[in-house]
Amino acid sequence: MIFDEFSIKTLIRPVPDFPKPGVVFRDITPLFQSPRALRMVADSFIQRYVEAEFSHIGAMDARGFLIGSIIAYELNKPLILFRKQGKLPADVLSESYQTEYGEAFLEVHSDSLCEGDSVLIFDDLIATGGTLIAAANLVRRMRASVFEAAAIIDLPEPGGSQKLQDAGIPTFTLTAFALDDR
């Protein structure tokens, strides 16, 4: 299936002033309600990574779980879950990060990765880059490396993609929205 960026963008709903005034939330739930669009997104990522050299897929809580789990299944890779604080039951590593809304913490099971592992990390979008940078820091604390950070959407104005690249983390997204795009 050929990727159609226009079709994908029309299924990403802008929600003004959510979760706070001045923020335009990019809601991907309509995209997931379209089997054709979901297949197009998944197939695009699969084609990009099917022959790539990495050992694990990491997925961000919670919307990153949706696409990350599909890609992990299709590429037959182990799935590592990066969760919000307090959601994992065993020994964890924790990393604080800043969001548009304040400080948050990301956690991962401390035995998820080993030295030499390479992780492709997924989230639904890149805004400030805080979540993905926190995940990359956790990966590195386990002596593994980040292969790439991938997302469906890039929001360039908050600068997250640039921060990731400045931190030595390659990025890939399927589409981008300016803050004033409707």
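Which residue in E6 does Glu-95 stand opposite? Glu-95 faces Leu-106 there. This is a predicted model, where local features need pLDDT of at least 70 and side-chain atom pairs count only at pLDDT 80 or more, while totals for chains, interfaces and linings use all residues. Residues are numbered from 1 along each chain as its sequence is written, and side-chain values use heavy atoms, without hydrogens and water.

Start with the strands (DSSP runs of E, at least two residues; helices are runs of H or I, at least four; both are numbered from the N terminus). Strand E5 (residues 92-98) runs antiparallel to E6, joined by 7 bridges. Strands pair if DSSP finds at least two bridges between them. E6 (residues 103-109) is also antiparallel to strand E4 (residues 79-84), with 2 bridges. There, Arg-83 stands opposite Glu-107 in E6.

Now turn to Asp-27, in strand E2 (residues 24-27). Asp-27 counts as buried because its relative accessibility is 12%; buried means under 20% relative accessible area, exposed over 50%, partly exposed in between (1.4 Å probe, protein chains only). Its side chain makes a polar contact of 2.7 Å with the side chain of Arg-13. Another, of 2.8 Å, joins the side chains of Asp-27 and Thr-29. A polar contact is a pair of N or O atoms within 3.5 Å; within protein, one must be able to donate a hydrogen and the other to accept it, and residues adjacent in sequence count only if both atoms are side-chain atoms.

Last comes helix H3 (residues 35-49). Its buried residues include Met-40, Phe-45 and Tyr-49. Among the elements covering the buried residues of H3 are helix H4 (63-75) and strand E8 (145-154), where contact means heavy atoms within 4.5 Å.

Methods: Expected span 1.5 Å × (residues − 1).
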